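Please read the notes below alongside the sequence and the coordinates.

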Amino acid sequence: MHELVGALRSYAWGSRTALAQLCGRPVPSAHPEAELWFGAHPADPAHVLIDGDSRSLLDFVADDPQRELGPAAGEFGGKLPFLLKILAAEEPLSLQAHPSTAQARAGFEWENRTKVPLDSPMRNYRDDNHKPELVVALDRFEALAGFRDPHRTVELLRALQVDGLGSFADLLAAQPDSDGLRTLFTTWITLPQHVLATLLPEVLDGCVRYLSGKGKREFTPEARTTLELAEAYPGDAGVLAALLLNRLTLEPGQGLFLAAGNLHAYLRGLGVEIMANSDNVLRGGLTPKHVDVPELLRVLDFEPIDLPVVLPEPAGDGSVRYRTPAPEFELRRFDLTEGSAQVPLTAAGPGIVLCTSGSVRLLHGESELTLHRGAAAWISAADSDIRARALDGPAQLFCACVGKV
């Protein structure tokens, strides 16, 4: 086991306080800090500390994949199949979806053939992998995720009492299924600018009237979110499209899983995120970054889904597990109390152990490693019988490992 130093990434939607506080650095940070990557993705690998030296985890695994990954080396081509992150959103992320494996391979090969530089801001596919992902809230975490039941969306559109939305509500009411959602989303996301410039202000006025009304306001979160998105991204068609999505709030410890093709936008909050080892994102709006609506439409799954909340399940070893269908990863959480016995981190390797509160000591034979809040460790497949103990109070660990193939 070795200490693992994450790769800090700065985006405009990041926080100047959340990651700095978590990692014990001065607040506020000089720039918005959005993500801390603990993984072996070529775009920004974490680094392993060994006897005072620092090595890329990407190179460290590639030098001896059999030792570091064990049986997973053969299954995943000698590469670590997942990417673990801490995500800190102060402002909304883009309206986006991720491709399936087949879509990612085709898109990656096409952009390679057409010689789009790998680091080009116009690039959609930076690798050939799909990107199922799970985020677990560390504090209150808010998101838009998946298309809402069309019947409920019709109720929302009519509740806003906007004349310009009437025909669209009727359209969806006449076809309350994935085809109706596809038609309405495609219409809105491709509206001519002069039409959008008329309709969007009407919708925003409707949201204001709705929120100022008396009595039960069941769509209050949706109306507020629409106004917030419009303030952050004025004149963006993604503000309209967001009206079609489930609006949900995760409390600390709750998770959200998104499969390929699910349209989503994280709004705000701090969370631990794990995904297949990919950086492929198709964006449709709410961002200054590259938007490719035709490609997004090609990968989107318009089937409506219920609120996709993942609740932790007891794993039988003192941890709770966040169950997903992804074979690339499994995420477990250990809540340790001061003075408790050493806790075995069963099935830890190959994997990453991340401390999100308190301090812990990892023990392996005669070796030990102390992790404070915001620190992580790489656990090789060859490192069996790793144990953890809380120091100086309660502590929380997340253990990311390869899923069940």
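The points below cover a helix pair, an annotated domain and an annotated site. The model is predicted, with pLDDT of at least 70 needed for local features and 80 or more for side-chain atom pairs, while totals for chains, interfaces and linings use all residues. Residues are numbered from 1 along each chain as its sequence is written, and side-chain values use heavy atoms, leaving out hydrogens and water.

**Helix pair**

- Helix α7 (residues 166-174) packs with helix α8 (residues 178-189) at about 155°, their axes 8 Å apart; axes are lines fitted to C-alpha atoms over the stretch in contact, and angles run from 0 to 180 degrees between N-to-C directions.
- α7 is therefore roughly antiparallel to α8 (angles over 145 degrees).
- On the α7 side, Phe168, Leu171 and Leu172 make the contact, and on the α8 side Gly180, Leu181, Thr183, Leu184, Thr187 and Trp188 (contact means heavy atoms within 4.5 Å).

**Annotated domain**

- UniProt, in an unreviewed entry, lists residues 3-148 as "domain: Phosphomannose isomerase type I catalytic"; such annotations may be inferred rather than shown by experiment.
- Residues 3-148 are 23% helix and 28% strand, with the end C-alpha atoms 42 Å apart (helices are DSSP runs of H or I with at least four residues, strands runs of E with at least two).

**Annotated site**

- The unreviewed UniProt entry places the feature "active site" at Arg283, a residue of strand β13 (residues 282-285).
- Arg283 counts as buried because its relative accessibility is 15% (buried means under 20% relative accessible area, with a 1.4 Å probe and protein chains only).
- Beyond neighbours within four places in sequence, the contacts of Arg283 include Ser94, Gln96, His290 and Asp292.

Conventions. Angles under 35 degrees count as roughly parallel, over 145 as roughly antiparallel, 65 to 115 as roughly perpendicular and the rest as oblique. Buried means under 20% relative accessible area, exposed over 50%, partly exposed in between (1.4 Å probe, protein chains only).
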